[in-house]
Amino acid sequence: MGLVAERTAPHRRSMNEQRVSHSPGPRQWLGLLVVTGPVLLVAMDGSVLFLAMPQVTQALSPTAGQALWILDVYGFAVGSLLIAFGSIGDRYGRLKLLMAGAAVFGAASAGAAFAPGPELLIAFRALMGVAGATLLPSALAVLGELFTDPRRRAQAIGIFAATFAAGFAIGPVIGGQLLSRFWWGSVFLINLPVVLLFLALAPILLREVRATRSGRIDVLSVLLSAAGILLTVYAIKHAAAQGPSAAPTATGIAGIVTLGWFTRRQLRLEHPLIDFRLFRDRVFTIAVITGLLPLAAWSAVAYLGGIYLQSVLGLPVLDAALVALPGAAVLTVTCIVTPALVARTGTRAALITCHFFIAAGLLLLLPTGVSGGIGWYLASTVIAGIGYGISFSVVADTAVAAVPAERAGSAAAIAETSNEIGNALGIALLGSLAALVFRLEGPDLAGTLDETLRIPGLAPAVIGEAKAAFVTALHAAAVIAGILHAALGAFALRRIPRTFPGTGDAGTEPLAQDAVEESGVR
């Protein structure tokens with residue numbers, strides 16, 4: 001998912017080349033296996049609830065707004081704190097932060113599994129997101145210490161990235177398998193064995209990693225970014241679920257002002273949390289949007305698709321998970337094979353074609369209906385899965401290649417943050433759009449389809465009207481996301497030069513071979 005190695009300045013590279021390289025032994029490969037465990041969990045927990053929401057709704061009776069917060073507060077917490085925890089790990093030790101984050105992640109997972117109400121579930125999901133933000137940057141930095149040979153390190157990073165992408169893809173499938181046998185809390189308890197195994201083996205197989213970074217962590221910037229995002233999204237959710245009113249409008253304005261303050265502060269800081277000056281490069285900008293938009297589309301459609309399969313078509317949760325399996329498999333395989341294809345065709349082609357694949361896949365959802373559409377849904381996930389896999393593989397590498405070497409750390413941080421924010425924004429914005437369409441088109445008895453179907457004594461005509469309204473909402477979200485992807489693909493076709501550093505042309509050095517052990521956020 002864009003988790004790639006950071007390019008280094010020439011003097012740093014020459015220092016690395018002076019190291020004595022050696023073939024990795026059992027410790028290195030076992031260490032890689034141990035590190036990828038928490039990474040898989042962090043990615044998987046971003047999507048594991050997509051098929052579980054009907055059962056969560058039945059058990060905890062959240063409102064429409066609470067249901068969306070249960071899904072996306074995790075992604076917002078991860079995305080808003082990734083860069084900050086990357087800097088903290090540099091100063092106080094990556095392995096130390098990794099161990100602490102894993103312990104908190106496990107404890108929060110147990111709390112979420114047994115949450116008695118939606119409020120506590122949201123709180124534990126937020127805590128899981130905070131812990132997840134400590135795991136991603138630290139895991140990759142520790143991985144760099146394990147593999148000192150550049151080629152082996154590139155191979156390990158490729159496995160790391162594929163694991164992260166696979167976690168997002170298989171989350172709904174794993175969730176569906178668990179829910180077919182156990183209660184909804186099992187999707188969180190599955191984290192505990194992996195966390196316990198990591199805490200037992202990490203001190204034996206992994207070593208501490210620190211780096212000296214200039215500047216201090218700007219706490220105000222961290223607070224402004226998190227507050228601005230949460231206030232703005234809260235306003236959008238509230239307006240979509242309940243209609244516009246004075247309080248959410250004021251909240252939205254406050255959120256926008258806060259984000260504006262955050263942006264202005266970054267432009268004035270010597271060591272900003274996010275270096276917005278990098279967006280002056282159009283290739284970098286397109287790469288970052290490519291990190292955000294596909295995750296937004298994928299997360300929203302996966303969430304809405306889970307409801308469609310279960311609550312509209314009436315599939316059991318296990319069957320719904322099996323329907324999602326081909327798309328997840330295609331996404332994962334595409335993510336693995338894309339680097340080899342990019343070496344032949346170039347990054348430019350990948351950045352362009354991924355958006356058209358996604359747009360085509362999303363538009364294949366339009367023939368789905370209340371009485372059928374599984375075949376169209378399968379085709380949609382497979383075609384779009386090719387585009388998702390391509391985008392997840394090339395984003396960070398392209399962003400890093402587009403900027404000077406001394407700013408590669410900031411570029412990689414922004415690229416990875418765009419992935420996490422995109423995952424959360426998809427559910428927040430496209431999910432809110434779907435909620436708005438359902439509210440306008442449906443029988444207006446409740447804020448969500450599942451809430452409506454739980455009302456006793458509904459006439460068959462009302463049930464049909466509610467299901468038809470949800471299908472219309474799914475189509476609206478798919479069309480908007482598809483149009484955005486087609487537009488971005490066309491824009492990339494016109495604006496990305498045919499050759500630029502990292503396009504894969506002859507003479508361009510693979511970025512993954514320039515990994516640095518003490519890298520920041522990816």
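## A buried phenylalanine and its ring partners

Phe284 has a relative accessible area of 0% and is therefore buried, a term that stands for under 20% relative accessible area, with exposed meaning over 50% and partly exposed in between (1.4 Å probe, protein chains only). The model is a predicted one, in which local features need pLDDT of at least 70 and side-chain atom pairs count only at pLDDT 80 or more, while totals for chains, interfaces and linings use all residues. Residues are numbered from 1 along each chain as its sequence is written, and side-chain values use heavy atoms, with hydrogens and water left out.

The structure holds 7 aromatic pairs, where rings of Phe, Tyr and Trp (its six-membered ring) pair if their centres lie within 6.5 Å, and where planes under 30 degrees apart count as stacked, over 60 as edge-to-face and the rest as tilted. The rings of Phe279 and Phe284 have centres 5.2 Å apart and planes at 70°, so this pair is edge-to-face. Phe279, at 28% relative accessibility, counts as partly exposed. Ring pairs join Phe262, Phe276, Phe279 and Phe284 into a cluster.

Another of the pairs is formed by Trp184 and Phe188, whose ring centres are 6.4 Å apart with planes at 90°, so that this pair is edge-to-face. Both Trp184 and Phe188 are buried.

## Helices H14 and H18

Helix H14 (residues 347-363) and helix H18 (residues 460-495) have axes that come within 8 Å and cross at roughly 160°; axes here are lines fitted to C-alpha atoms, for helices over the stretch in contact, with angles from 0 to 180 degrees between N-to-C directions. That makes H14 roughly antiparallel to H18, the word used for angles over 145 degrees. Helices are DSSP runs (H or I, at least four residues), numbered from the N terminus.

Among the residues of H14 that meet H18 are Arg348, His355 and Ile358, and the residues on the H18 side include Gly482 and His485, contact being defined by heavy atoms within 4.5 Å. The residues of this contact divide into 14 nonpolar, 4 polar and 1 charged, where Ala, Val, Leu, Ile, Met, Phe, Trp, Tyr, Cys and Pro count as nonpolar, Asp, Glu, Lys and Arg as charged, and the others, Gly among them, as polar.

## Pro294 in helix H12

Pro294 lies in helix H12 (residues 282-312) and, at 0% relative accessibility, counts as buried. Not counting residues up to four places away in sequence, Pro294 touches Ile289, His355, Ile358, Tyr388, Ser391, Phe392 and His485. Pro294 and Asn423 are 129 residues apart in sequence, with their C-alpha atoms 8.4 Å apart in space.

Key: Helix = DSSP H or I, 4+ residues; strand = E, 2+ residues; numbered from the N terminus. Parallel < 35°, antiparallel > 145°, perpendicular 65-115°, else oblique.
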